Amino acid sequence: MTWRASLLTLYPDMFPGPLGQSLAGRALASGAWSLEARDMRAFATDRHRTVDDTPFGGGPGMVLRPDIVDAAIAAVDDGRPLICLTPRGTPLTQATIRALAAGPGLIALCGRFEGIDQRVIEARAMQEISIGDYVLSGGEPAAIVLLDACIRLLPGVMNTGASAHEESFALPLLEYPHYTRPALWQGRPVPDVLVSGHHAEIAAWRRHQAETLTRQRRPDLWHAYRQLPDEATRPMEPPSEGPRP
Ligand code: SAH
């Protein structure tokens, strides 16, 4: 079944954008997912096609009107998760991505200007999601990030299930470093263990690298990892050997 994404935006021409290329683009062409970008300006009711107004209480910028946003939502709402992209939202995680990818798709509201009238966010019980602690000029790049991360998890989109399983955040760990040919580059050899052929040693080395990196760079993830029961954290055997790079 096709996973369906509907975007509500003032800039529909920004889509599919990067999602029309490479893995996501091929998946779009093959029908693994579908994309609909709706121009919220089409739901304006005055002859100037106004979608925003000045904030009550004063202050800079403009705010998207709740009646316009609500009409745009009504045009696409069919029970799919309704997401408002906003720096005030819950930080996006791989767990959220996994849950969204397992569902029927999503509807994403892309803000502009100072943001969106709070009443429509509440009235529509939107899931507020932030892609990080920085401010974009609009929700469209955030929607592209969100969709890209979901699409690669859809059935049949990535050719190996193993790579989704082993990578960063499958456990609360950053991924181990990767190496390919040439085996010696600018005087730098690849780590001996990786050319040893010992699968168990390779798995243990990779796990050690992942743990060291996580401890150094992400104390928050390291703390979560240390809380896991032992069997969840045992090194995984590498997948059966495919063609060497
Ligand atoms: N005045 C707002 C920022 C508005 S930025 C504030 O200070 O919180 C304009 C739009 O860009 C927002 O409505 C939102 O849709 C989008 N946006 C900006 N940063 C984002 C982020 N980190 N994650 C998700 N969406 C973001």
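How do the residues of the shell around the ligand divide into nonpolar, polar and charged? The count is 9 nonpolar, 8 polar and 2 charged. Keep in mind that this is a predicted model.

Let's stay with the ligand. There are 19 residues around it, and those that come nearest are Leu85, Gly111, Glu114, Tyr134 and Leu136. A ligand nitrogen sits 2.9 Å from a polar backbone atom of Glu114. For Leu136, a polar backbone atom is 3.0 Å from a nitrogen of the ligand. For Thr86, again a polar backbone atom, the distance to a ligand nitrogen is 3.4 Å. How much of the ligand does the protein bury? On its own the ligand exposes 560 Å², and 86% of that is buried by the protein.

Which elements give two or more residues to the shell? Strand E5, residues 82-91, and strand E8, residues 127-130. E5 provides the largest share, 3 residues.

On to the sheet. It is open, with 5 strands in the order E2-E1-E6-E5-E8, and the pairing is parallel. E2, residues 33-39, and E8 are the edge strands; each has a single partner, so one side of each lacks a neighbour in the sheet. From one strand to the next, the twist averages 35 degrees.

E1, residues 3-9, and E6, residues 105-110, run parallel and are joined by 5 bridges. Ala5 has Leu106 in E6 as its bridge partner.

Last, the helix. H2, residues 66-76, packs on the sheet and touches E1, E2, E5 and E6. The direction of H2 makes about 160 degrees with that of E1.

Note on methods
Residues are numbered from 1 along each chain as its sequence is written. This is a predicted model: local features need pLDDT of at least 70, side-chain atom pairs count only at pLDDT 80 or more; totals for chains, interfaces and linings use all residues. Side-chain values use heavy atoms; hydrogens and water are left out. A residue is near a molecule or strand if one of its heavy atoms lies within 4 Å of it. A polar contact is a pair of N or O atoms within 3.5 Å; within protein, one must be able to donate a hydrogen and the other to accept it, and residues adjacent in sequence count only if both atoms are side-chain atoms. Accessible areas come from the Shrake-Rupley method with a 1.4 Å probe; for residues, only the protein chains shown count as cover. Helices (H or I, at least four residues) and strands (E, at least two) are DSSP runs, numbered from the N terminus. Ala, Val, Leu, Ile, Met, Phe, Trp, Tyr, Cys and Pro count as nonpolar, Asp, Glu, Lys and Arg as charged, and the others, Gly among them, as polar. Two strands pair if DSSP finds at least two bridges between them. Axes are lines fitted to C-alpha atoms, for helices over the stretch in contact, and angles run from 0 to 180 degrees between N-to-C directions. Contact means heavy atoms within 4.5 Å.
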